[in-house]
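This report describes the fold of a single predicted model. The sequence and the structure are shown below.

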Amino acid sequence: MALVTFSNPDYKDKTVYAVAGSHTETLLKLAKENKVPVNFDCQDGECGHCLVRVTSVDSKGRMGYFLTDKEQNVLKELGKLTQEQIDQLHVDDMPSEYRLACQMIVRDEDILVEY
Ligand code: FES
């Protein structure tokens, strides 16, 4: 069972359980289900409104993950990722710290999400 803690200076932190293993639930869906006010608009990885910062609070560290081209492009446009960083993420097979909540699939890891 993954623990996802949503944190924002304007709201109280909220920790929710994610259903691990389904690999279909996005972070944005989880936030909405739990009434966490993460910003969003397009819900399709294009507008960048759902930008969040995700860090691991798991002793195992972050799990490998592949960012889609769409997500990489938006993060680049927002100035959160450089092409060099994108290239390195491919080498390391790791997600970036900044993610789009509507594109990020929740996995079996404990994370802190700053929104
Ligand atoms: Fe538009 Fe996620 S809601 S990119």
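How many cavities of 30 Å³ or more does the structure hold?

## Cavity

The predicted model holds one cavity of 30 Å³ or more. The volume of the largest cavity is about 40 Å³. Its lining consists of Arg62, Met63, Tyr65, Pro95, Arg99, Met104, Ile105, Arg107 and Glu109.

An open sheet is formed by five strands, arranged in the order 2-1-5-3-4 with mixed pairing.

In general, strands of a sheet pair through backbone hydrogen bonds, in either a parallel or an antiparallel manner. Here, strand 3 and strand 5 are paired in the antiparallel sense, over four bridges. Ser56 is found opposite Ile111 in strand 5. Helix 2 packs on the sheet, where it touches strand 3 and strand 4. The direction of helix 2 makes about 125° with that of strand 4.

## Nonpolar core

The largest nonpolar core comprises 28 residues, of which Val4, Phe6, Leu27, Val38, Val52 and Val113 touch the most other members. Two or more residues are given to this core by each of strand 1 (2-8), strand 2 (11-18), helix 1 (27-33), strand 3 (51-56), helix 2 (69-77), helix 3 (83-92) and strand 5. Helix 1 supplies the largest share, four residues.

Val4 illustrates the contacts made by a member of this core. Beyond its neighbours within four places in sequence, Val4 is in contact with Lys14, Thr15, Val16, Ala18, Leu27, Leu30, Val106, Ile111 and Val113. Two of these partners, Leu27 and Val113, are also listed among the core residues that touch the most other members.

## The loop residue Gln103

Gln103 belongs to the loop that lies between strand 4 (98-100) and strand 5 (111-114). Is this residue buried or exposed? The relative accessible area of Gln103 is 17%, and the limit for a buried residue is under 20%; Gln103 is therefore buried.

When neighbours within four places in sequence are left aside, the contacts of Gln103 are Gln43, Asp44, Gly45, Tyr65, Thr68 and Glu71.

How values were computed:
Residues numbered from 1 in each chain as written. Predicted model: local features only at pLDDT ≥ 70, side-chain atom pairs only at ≥ 80, totals over all residues. Heavy atoms only, no water. Buried < 20%, exposed > 50% of the residue type's maximum accessible area, 1.4 Å probe, protein only. Contact = heavy atoms within 4.5 Å. Core = buried A, V, L, I, M, F, W, Y, C linked by side-chain atoms within 4.5 Å. Pairing = 2+ DSSP bridges. Axes fitted to C-alpha atoms, helices over the stretch in contact; angles between N-to-C directions. 1 Å grid on protein atoms, 1.4 Å probe; cavity = no way out; pocket = protein on both sides within 12 Å on 5 of 7 lines; lining within 4 Å. Points joined across faces, edges and corners; volume = space filled by probe spheres on them.
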